[in-house]
Amino acid sequence: MIILVGYATVEGQTRKIAGAVAAAVEAAGDRALLFDIASGAEYAIAHPEAAILCAPVHAARYPAAFASFVRQEASWLNSVPSAFVSVSLLIRSEFEEEREEAMHVPDALISDSGWRPTMMHHAAGALRYTEYDFFKRWIIRRMAELENAPTDVSRDHEFTDWKALSGFVEDFLDMAKG
Ligand SMILES: Cc1cc2nc3c(=O)[nH]c(=O)nc-3n(C[C@H](O)[C@H](O)[C@H](O)COP(=O)(O)O)c2cc1C
């Protein structure tokens with residue numbers, strides 16, 4: 001099967017997650033087309049038969065380029081098996097209402113675009129303190145303090161559960177191949 005693995009990223013963690021999704025697809029003997037949605041390049045030439053799209057949550061929404069891609073491609077996405085991997089930090093919160101908030105971030109995108117992903121996975125992202133500018137580092141550190149997340153800004157902190165992610169891809173492939 002040829003599977004589009006489309007992603008958007010701001011700080012790189014979702015690119016890494018999409019790379020792991022593509023590696024899991026290839027490990028299962030299928031072909032992954034790893035595609036940076038913001039590149040605006042053509043992907044349809046290879047005729048993908050399924051899609052796994054990955055996007056990060058920033059300020060409670062997905063990057064604009066990702067939202068417009070989904071809107072534009074909704075009818076194609078609904079015609080093939082498709083999955084959405086939403087990358088956020090609140091999904092790893094110790095507070096249930098924050099995890100709930102993360103679970104509901106896709107709602108607006110799904111109702112605006114009309115895309116109905118067949119399967120959905122929430123992955124925890126990363127705090128990349130070493131790559132933020134001074135202002136962003138200060139804001140994110142304050143947020144982390146409130147949420148009992150790591151505040152050591154001298155290094156990055158990655159929370160992605162890689163095993164759960166590859167398990168999700170295997171389940172998706174089983175479903176897609178019916
Ligand atoms: C400025 C900023 C705003 C963020 N806002 C949210 C948010 O509203 N909810 C959330 O769960 N995570 C939020 N995050 C955490 C990101 O989802 C997380 O860092 C993710 O790994 C970013 O993915 P990316 O590296 O692909 O951009 C925010 C991160 C930054 C830097």
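**Loops, a bent helix and a buried strand residue**

Me: Where is His47 found?
Reply: His47 sits in the loop between β2 and β3. Bear in mind that this is a predicted model.

Me: Is His47 buried or exposed?
Reply: His47 is exposed, because its relative accessible area is 60%, and the cut-off for exposed is over 50%.

Me: What about its backbone: what is the phi of His47?
Reply: His47 has a positive phi, about 50°, and it is not a glycine. Most residues other than glycine have a negative phi.

Me: Which other loop residue has a positive phi? Start with Ala59: what is its phi?
Reply: Ala59 has a phi near 50°, again positive in a residue other than glycine. Ala59 is in the loop between β3 and α2. With a relative accessible area of 74%, Ala59 counts as exposed.

Me: On to α2. How does its end-to-end span fit its length?
Reply: It agrees. Helix α2 covers residues 64-79, which is 16 residues. At 1.5 Å a residue they should span 22 Å, and the end C-alpha atoms are 23 Å apart.

Me: Where does α2 bend?
Reply: At Glu73, by about 70°. Glu73 is also one of the buried residues of α2.

Me: Which other residues of α2 are buried?
Reply: Phe66, Ala67, Phe69, Val70, Ala74 and Leu77 are buried along with Glu73.

Me: Let's take β4, then. Is Val85 buried or exposed?
Reply: Val85 is in strand β4. Its relative accessibility is 0%, so Val85 counts as buried.

Me: What does Val85 touch?
Reply: Leaving out residues up to four places away in sequence, Val85 touches Ile17, Ile52, Leu53, Cys54, Ala55, His121, Ala123, Leu165 and Phe168.

Me: How far is Val85 from Glu145?
Reply: Their C-alpha atoms are separated by 26 Å, with the two residues 60 apart along the chain.

Technical notes: Residues are numbered from 1 along each chain as its sequence is written. This is a predicted model: local features need pLDDT of at least 70, side-chain atom pairs count only at pLDDT 80 or more; totals for chains, interfaces and linings use all residues. Side-chain values use heavy atoms; hydrogens and water are left out. Helices (H or I, at least four residues) and strands (E, at least two) are DSSP runs, numbered from the N terminus. The expected span of a helix is 1.5 Å times one less than its number of residues. The bend at a residue is the angle between axes fitted to the seven residues ending there and the seven starting there. Buried means under 20% relative accessible area, exposed over 50%, partly exposed in between (1.4 Å probe, protein chains only). Contact means heavy atoms within 4.5 Å.
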